[in-house]
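Q: I'm new to this one. Can you walk me through it?

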Amino acid sequence: MNYQDFFRSELDQLRDDGNYRDFAELERHRGTFPQATCHNGPGEVTIWCSNDYLGMGQHPAVLSAMHTALDRTGAGAGGTRNISGTTHDHVLLEAELADLHGKEAALLFTSGYVSNWAALGTLAARIPGCVVLSDALNHASMIEGIRHSKAQKLIWKHNDLRDLEAKLAALPLNQPKLIAFESVYSMDGDIAPIAEICDLADRYNAMTYLDEVHAVGLYGPRGGGIAEREGLMDRLTVIEGTLGKAFGVMGGYIAASGELCDFVRSFASGFIFTTALPPAVAAGAAASIRHLKSSGAERAAQQDRVAAVRARLDEIGLPHIDNPSHIIPVMVGDPVKCKYISDILLRDHGIYIQPINYPTVPKGTERLRITPSPVHSAADIDRLIHALGQLWTQCALARQPLAAQ
């Protein structure tokens with residue numbers, strides 16, 4: 001085999017299918033987010049697809065905490081948590097996270113992907129006879145963790161309580177079971193029926209594992225997520241989250257009982273054998289969590305911007321998935337046109353929105369995933385809607401009937 005020819009042909013096929021991903025070389029500027037410089041594009045751009053949902057990556061309290069910790073501790077953690085990398089800042093952050101979710105303990109990981117992979121993989125592998133019941137639209141990190149565990153896996157139809165119950169009822173009542181699901185699903189923006197899933201878990205003697213990565217910081221009176229908003233945190237066995245989205249920094253975590261967190265800490269290779277987060281990152285995350293526990297201003301402003309963008313899309317008939325979350329999927333339905341629109345938005349309008357194509361979403365459901373933030377202005381929204389309207393006409397894409405709006 002000619003290896004380079006193989007790599008080249010596979011990449012060419014991605015390009016032909018409209019699924020090849022180009023990276024925009026972005027440089028964010030402190031204090032001006034969502035504005036940034038695109039070094040391999042048009043220069044100054046407005047970012048409309050960031051997962052820094054609240055702009056906390058630019059917040060003065062976060063930056064101050066990180067500067068202070070960097071001057072106090074230096075750059076790195078010094079090793080894995082087991083060797084020399086458990087610092088005072090890690091312990092303080094885990095305490096903040098446990099408090100946020102009303103749990104006895106929390107355990108940090110280097111990313112949300114690693115926290116899902118390591119926690120689900122460890123629990124499912126080491127609990128004898130455990131069966132994992134996984135929502136059909138769970139994130140790749142959850143799927144990989146379950147696969148790595150080699151435990152029996154049953155996939156239930158997305159958010160379908162009847163299908164979940166049928167699968168639970170078919171298992172012996174005393175067999176260990178773990179229901180794994182998300183609160184906010186990042187591509188369609190829909191929300192799981194958490195209370196009803198907890199009811200089924202109680203009825204069929206199952207543990208629950210809830211991924212709140214697209215909800216922490218954004219929902220609930222203190223930013224604890226959808227489970228906090230709905231008063232359900234105490235009913236969940238494990239709550240998993242990220243520090244790299246609404247909290248604006250980096251890292252992942254689980255929050256659960258002291259014994260469960262200690263169990264994962266003691267057996268998860270993804271925790272044991274990787275270098276710990278830098279203390280300055282942990283300090284910044286803790287500052288972000290503390291701020292959002294007491295401030296609802298960012299959440300309220302974000303919800304206002306989301307409503308404004310949805311209303312403006314409706315005014316010009318652009319199809320978007322109607323959901324109860326902050327994620328606005330604008331549906332294109334064609335991979336080539338989706339990438340084209342993204343490219344022209346960047347080149348001609350200075351608007352950065354990455355296309356979401358297969359395999360991230362099923363073929364035929366290609367989309368632009370828009371995430372308004374509190375720091376997007378009315379002028380930013382005007383420019384976005386005007387550009388999208390022009391490109392929708394240019395690409396001869398269908399619009400929703402305006403009379404129905």
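Predicted model: local features only at pLDDT ≥ 70, side-chain atom pairs only at ≥ 80, totals over all residues.

Q: What is a disulfide, in general?
A: A disulfide is a covalent bond between the sulfur atoms of two cysteines.

Q: OK, take Cys-38. How far away is the nearest cysteine sulfur?
A: The sulfur of Cys-49 is the nearest, 11 Å away. Cys-38 is in no disulfide, because a pair needs its sulfur atoms within 2.5 Å.

Q: Is Cys-38 buried or exposed?
A: Cys-38 is buried, at 2% relative accessible area.

Q: And Cys-261, which cysteine sulfur is nearest to that one?
A: That of Cys-130, 17 Å away. Cys-261 is in no disulfide either. Its relative accessible area is 4%, so Cys-261 counts as buried, the cut-off being under 20%.

Q: New topic: the sheet. How many strands does it have, and in what order?
A: The open sheet has 7 strands, ordered S4-S10-S9-S8-S7-S5-S6. The pairing is mixed.

Q: Which strands are at the edges?
A: S4 (105–109) and S6 (152–156). Each pairs on one side only.

Q: How much are neighbouring strands turned against each other?
A: By 20° on average, ignoring direction.

Q: In what sense do S5 and S6 pair?
A: S5, residues 131–135, pairs with S6 in the parallel sense, over 5 bridges. Leu-133 stands opposite Leu-154 of S6.

Q: What about helices? Where does H8 pack?
A: H8 (residues 194–203) packs on the sheet and touches S6, S7 (177–182) and S8 (207–211). Its direction makes about 175° with that of S7.

Q: And which strands does H4 lie across?
A: H4, residues 88–101, lies across S4, S9 (238–242) and S10 (252–256). H4 runs at about 125° to S4.

Definitions and conventions
Residues numbered from 1 in each chain as written. Heavy atoms only, no water. Pairing = 2+ DSSP bridges. Helix = DSSP H or I, 4+ residues; strand = E, 2+ residues; numbered from the N terminus. Axes fitted to C-alpha atoms, helices over the stretch in contact; angles between N-to-C directions. Contact = heavy atoms within 4.5 Å. Buried < 20%, exposed > 50% of the residue type's maximum accessible area, 1.4 Å probe, protein only.
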